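Student: Could we go through this model together? I'd like to ask things as they come up.

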Amino acid sequence: MEYVTAGESHGPYLTAIISGFPANVQLDQQQLLADLRQRQIGYGRGERMKIETDQVQIVGGVRYGKTLGSPIALMLANRDYQNWHEVMSVWPTGAEKSATVTKRIITKPRPGHADLVGGLKYDQQQDLRNVLERASARETAMRVAVGSLCKQFLSQFGIAIVGAVTQIGQVALSKEQLEKISQPSSAANFKREIITPIYASPVRTIDPDTAQRMQAAIDQAYQEQTTLGGKIRVVVQGLPIGLGSYVSADQKLDSRLSAALMSINAIKGVSFGDGFNFGRETGRAALDPIIWCNHSFQRAANHQGGLEGGMTNGMPLVIDLVMKPIPTQTTGAPSVDMQTHESVVSTVERSDITAVPAASVIAEAMTAITIMQAFCEMFGHDENQRIKQNFDHYLDYLKKGGLDQND
Ligand SMILES: Cc1cc2nc3c(=O)[nH]c(=O)nc-3n(C[C@H](O)[C@H](O)[C@H](O)COP(=O)(O)O)c2cc1C
Ligand SMILES: C=C(O[C@@H]1CC(C(=O)O)=C[C@@H](OP(=O)(O)O)[C@H]1O)C(=O)O
């Protein structure tokens with residue numbers, strides 16, 4: 001399963017094409033729209049999210065709610081395009097020299113964005129809008145749409161994924177609250193006890209008191225005309241043992257997940273399990289003892305975060321991410337004009353105060369995409385029923401403790 005997205009932030013549409021999605025998977029339109037809505041509603045978002053209602057349409061590859069095995073095509077109209085159609089026109093209209101269009105030309109690159117380097121690399125110095133329109137995190141709406149379909153596929157196999165906000169600015173969940181999110185759980189319990197409260201929280205975190213303090217921190221940043229970053233924890237429950245592989249660098253699931261998650265705008269670090277704390281632990285304390293329990297191999301701890309040797313080990317997958325503060329400041333920032341080379345204040349674009357809640361939804365989606373890719377590599381990608389048979393056969397094999405398969 002692969003996907004590609006296209007479209008500019010203020011252009012007419014965002015689009016995505018997914019290829020290699022199995023046939024006969026029943027999709028739920030409400031779930032798809034609910035995931036997109038989660039990305040939009042987090043506390044701290046700016047004016048743009050009041051304009052958009054991300055109503056993605058599936059325009060190929062699905063009939064009566066079931067996938068056909070053919071490429072799935074998705075389209076999402078940017079409602080803000082109504083305000084930008086002259087500036088973002090695909091074809092020449094003669095309006096290019098109008099006051100509306102020239103007012104939107106950007107030659108003062110914003111530090112912390114792709115503006116300067118993208119402008120030089122693609123020779124777009126006459127108007128950096130040609131860079132920022134695609135570099136914008138608007139594109140992540142399509143990734144959430146793709147990820148929603150992947151989550152729906154994976155849920156058939158008892159796999160549940162959540163991205164929770166664990167810190168905004170100085171306000172963080174406690175160690176106990178972090179552990180609560182990451183405890184081994186059945187998909188059903190996890191949905192009830194963890195996912196549902198997180199989805200209901202305005203900042204997508206588990207504890208209502210911490211959520212209130214996070215909201216207050218966002219309000220304060222707004223008053224102080226600055227922005228905030230934070231941290232996210234992604235947890236996946238119900239994973240079978242063995243997704244990914246140790247055999248080649250590009251098949252290691254931790255490397256693939258890192259690449260997928262680091263591709264999210266403004267994400268600056270990814271770690272697994274005890275992550276950067278491993279640096280101060282002893283070897284003994286960092287191990288997850290192997291035990292034989294309920295006729296299966298199990299683990300007495302989860303320091304590794306569910307991955308060993310680039311493969312899932314049956315424990316919950318636990319990934320932490322850090323997001324930098326939104327770079328745009330309402331005051332602008334020190335910069336240099338592309339044309340005159342004079343010192344200037346960078347262009348100020350309308351902006352979010354924080355997008356950590358939104359990024360937690362995107363992280364959920366990128367994790368779902370990567371897990372589904374590994375899952376289909378292992379169990380097949382043509383037809384849903386056949387994939388289920390392969391999966392059940394593998395679970396039977398594991399239930400025998402890995403014995404008898406070839407006897
Ligand atoms: C959901 C989301 C919304 C964002 N909103 C803004 C924003 O309103 N203003 C801004 O300056 N950056 C915003 N960013 C961050 C920029 O997109 C990002 O910093 C920029 O593309 C440069 O990429 P880099 O930080 O990964 O180097 C947002 C990021 C995400 C994930
Ligand atoms: C549009 C989205 O986020 C945008 C991401 C973004 C950026 O620089 O990344 C800048 C802002 O765009 P605008 O200038 O149109 O207000 C955000 O609103 C979205 O998440 O759908």
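Tutor: With 8 C-beta neighbours inside 10 Å, His341 counts as exposed; the cut-offs are 12 or fewer other C-beta atoms within 10 Å for exposed, 20 or more for buried, and partly exposed in between, with C-beta atoms placed from the backbone. Before we go on: this is a predicted model, where local features need pLDDT of at least 70 and side-chain atom pairs count only at pLDDT 80 or more, while totals for chains, interfaces and linings use all residues. Residues are numbered from 1 along each chain as its sequence is written, and chains are lettered from A and ligands numbered from 1 in the order in which they are written.

Student: What is the phi of His341, which is not a glycine?

Tutor: Most residues other than glycine have a negative phi. His341 sits in the loop between strand E16 (334–336) and strand E17 (343–345), strands being DSSP runs of at least two E residues and helices runs of at least four H or I, numbered from the N terminus. Its phi is positive, about 65 degrees.

Student: Is Asn24 buried, partly exposed or exposed?

Tutor: Asn24 is another non-glycine with a positive phi, about 70 degrees. You'll find Asn24 in the loop between strand E2 (13–19) and helix H1 (29–41). Because Asn24 has 15 C-beta neighbours inside 10 Å, it counts as partly exposed.

Student: Which way do H10 and H11 cross?

Tutor: Two packed helices are described by the angle between their axes and the distance between the axes. For H10 (residues 253–262) and H11, the angle is about 145 degrees and the axes are 9 Å apart; axes are lines fitted to C-alpha atoms over the stretch in contact, and angles run from 0 to 180 degrees between N-to-C directions. A crossing is left-handed if the near helix is turned anticlockwise from the far one by less than a right angle, and right-handed if clockwise. This one is right-handed.

Student: Which residues come nearest to ligand 1?

Tutor: Here, near means that the C-beta atom, placed from the backbone, lies within 6 Å. Helix H11 (residues 356–379) gives the largest share of the shell, 3 residues. Out of 21 residues around ligand 1, the nearest are Ala137, Asn265, Thr328, Asp352 and Ala355.
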